[in-house]
Amino acid sequence: MNSAENFMQNKQLSDQADNQPLRQLLTRPDIWQLANRQRQPRTGIASGYRGLDALLANHGWPRAATTELLVDKAGIGEMSLILPTLAQLTQQGRMVILINPPHVPYAPALVQAGIQLEKLLILHPRGQRDQLWAAEQSLQSGACGALVNWQGKESPADKDLRRLQVAARDGDCLHFHFRPGSSADTPSPATLRLKLQSDGEQLALHLLKQLNGKSGQRLHLARSPDLVRRDQPLH
């Protein structure tokens with residue numbers, strides 16, 4: 001290789017290294033790009049509910065990002081909303097992790113929904129600090145298809161919520177974060193926020209926020225009665 005070829009090769013490598021941070025920045029789900037918006041593929045993960053997918057900006061759950069599900073009282077069948085997606089992931093051989101669920105998951109209902117139980121891991125870290133650490137490590141591990149965690153008595157700081165969002169992005173992991181309904185009054189870095197309420201035999205959804213999409217829509221979905229009546233409280 002002569003000196004000119006060597007110079008050009010080194011220059012190409014240098015340019016690639018210089019552009020690497022920019023490419024990483026542009027892949028972030030919280031960076032809005034006007035020029036590329038029309039060209040970006042809609043890569044949402046199907047929720048299993050056509051009505052909900054039609055309201056979501058990417059026609060499904062946002063990939064590699066946090067979705068907050070705000071619930072006033074656990075045990076209203078809120079797991080029905082994410083079960084189709086969790087089932088699909090476990091059937092694809094991906095691991096699904098639940099951190100500190102407030103009820104003992106009813107295994108027969110999970111199996112009936114298509115969950116592969118051998119791909120389901122339930123963790124019970126003690127204290128908020130350990131819970132956040134376990135969630136962050138799991139999200140960014142790259143070995144987790146989806147992580148579902150429940151907020152404890154303490155509300156996490158904004159910086160902690162941002163760390164979870166970044167970890168989900170870095171690990172290309174679907175993140176569902178159940179939080180109290182009162183959290184709706186507090187800003188959040190989450191890509192998507194939905195408020196859930198019980199309404200007869202259905203689950204009422206209110207779309208509070210979504211990146212690059214409309215908000216304010218409401219929707220009613222069917223829920224599994226097994227997940228309402230048979231879950232056993234943990235706390």
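View 1. The model is a predicted one, in which local features need pLDDT of at least 70, side-chain atom pairs count only at pLDDT 80 or more, and totals for chains, interfaces and linings use all residues. Residues are numbered from 1 along each chain as its sequence is written, and side-chain values use heavy atoms, with hydrogens and water left out.

**View 2. Helix α6 and its buried side.** Helix α6 spans residues 158-170; helices (H or I, at least four residues) and strands (E, at least two) are DSSP runs, numbered from the N terminus. Its buried residues are Asp-160, Leu-161, Leu-164, Gln-165, Ala-167 and Ala-168, where buried means under 20% relative accessible area (1.4 Å probe, protein chains only). These residues lie on the same side of α6 because they cover an arc of only 160 degrees around the axis, taken from the directions from the helix axis to the C-beta atoms.

**View 3. The edge-to-face pair of Trp-61 and Phe-176.** The ring centres are 5.0 Å apart, with 85 degrees between the planes; rings of Phe, Tyr and Trp (its six-membered ring) pair if their centres lie within 6.5 Å, and planes under 30 degrees apart count as stacked, over 60 as edge-to-face and the rest as tilted. Trp-61 lies in the loop between α2 (50-55) and β1, and Phe-176 in strand β6, so the pair ties together parts 115 residues apart in sequence. Both Trp-61 and Phe-176 are buried.

**View 4. The stacked pair of Trp-150 and Phe-178.** Here the centres are 5.2 Å apart and the planes 15 degrees. Both Trp-150 and Phe-178 are buried.

Key: The expected span of a helix is 1.5 Å times one less than its number of residues. Buried means under 20% relative accessible area, exposed over 50%, partly exposed in between (1.4 Å probe, protein chains only).
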